[in-house]
Amino acid sequence: MKKKILWFLVILLSVELIILGVKLFQPHNQLKTTKTTTSSSLVDVASQETTQTSEKNKHSDDIDTSNWITSDTTISFPILMYHSLTKSDDGNTLKLPPEEFKQHMEWLKEHDYYTLTPEEAYIVLTENKKPKENIVWVTLDDGYLNNFTEGFPILEDLKMNATINYITSKLDNQYYFHEDDMKKMTDSGFISIESHTVSHLDLNTLSDEQIHTELADSKTWMDTTLNQNTSVVCYPAGRYDERVEKEAENVGYKLALTTEPGYASKNDGLFALKRVRISPGYDKEAFGNYLLSAQ
Ligand SMILES: [Zn+2]
């Protein structure tokens, strides 16, 4: 009997030595991967924060999606639509106090929402998989100066991603942010600058040639100045038709945003994505309820 126990201990010790050996000889990064995929949500949060800062302007092919969640049904998710972040005294529903914007971002953070970059949104839509259970794409239209002075610090503080759709004819306008501000924001890794055309005209009322200029010239300026492949166009006032959709694809955009209400899904077409308009007047809780009901 004593012999049996002794043998058992010898075997147990050998097994432990083997496990220890395997662990020691495993390459460092491999250990890290195993940790991320198997361990608690605390590690997931940490790895998510690294992803949020390090994947600035990455081509969608470079994004590691091995830990993403695949889905059997078509994924749909909210693309939030904001404009100016300022208090309004004239009842303008396109203006939203920065404190409200902050509360909305905090609600998303507290409810474990991951804020997508344009490149990640493209993967979600085309490959039907997502980096987290709850995902959202925060977009702000036009490029108001207050997006830089008020919105950017809030997003940077909370380590959240957002996309600003800029009108390139506003580069000399005092109410809009400019090239240096853009670079500060894109350098942070949290803000993507995408196109809202050159002059914010209703694209569906223009000639084919004008449509081309509005879409192509804004993209070329951003590609060159920001050293990126501008992949998203946001249709001014949400106006578009079949010609506009075709030309957007033709000049090299990969996604286009409308103002039609609802969650975004590839079923609507990549050049006709719906968004959730955020008007002023929602505190944290009201925002959450509205977001969940806006599907
Ligand atoms: Zn606009």
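Helix H8 passes helix H9 in a right-handed crossing, the near helix being turned clockwise from the far one by less than a right angle. Helices here are DSSP runs of H or I with at least four residues, strands are E runs of at least two, and both are numbered from the N terminus. The model is predicted, so local features need pLDDT of at least 70 and side-chain atom pairs count only at pLDDT 80 or more, while totals for chains, interfaces and linings use all residues. Residues are numbered from 1 along each chain as its sequence is written.

The axes of H8 and H9 come within 10 Å and cross at roughly 45°; these axes are lines fitted to C-alpha atoms over the stretch in contact, with angles from 0 to 180 degrees between N-to-C directions. The two helices are therefore oblique to each other, as angles under 35 degrees count as roughly parallel, over 145 as roughly antiparallel and 65 to 115 as roughly perpendicular, with the rest oblique. At this meeting, Asp 208, Ile 211, His 212 and Leu 215 of H8 face Arg 243, Val 244, Glu 247 and Ala 248 of H9, contact being C-beta atoms, placed from the backbone, within 7 Å.

Conventions
Contact = placed C-beta atoms within 7 Å.
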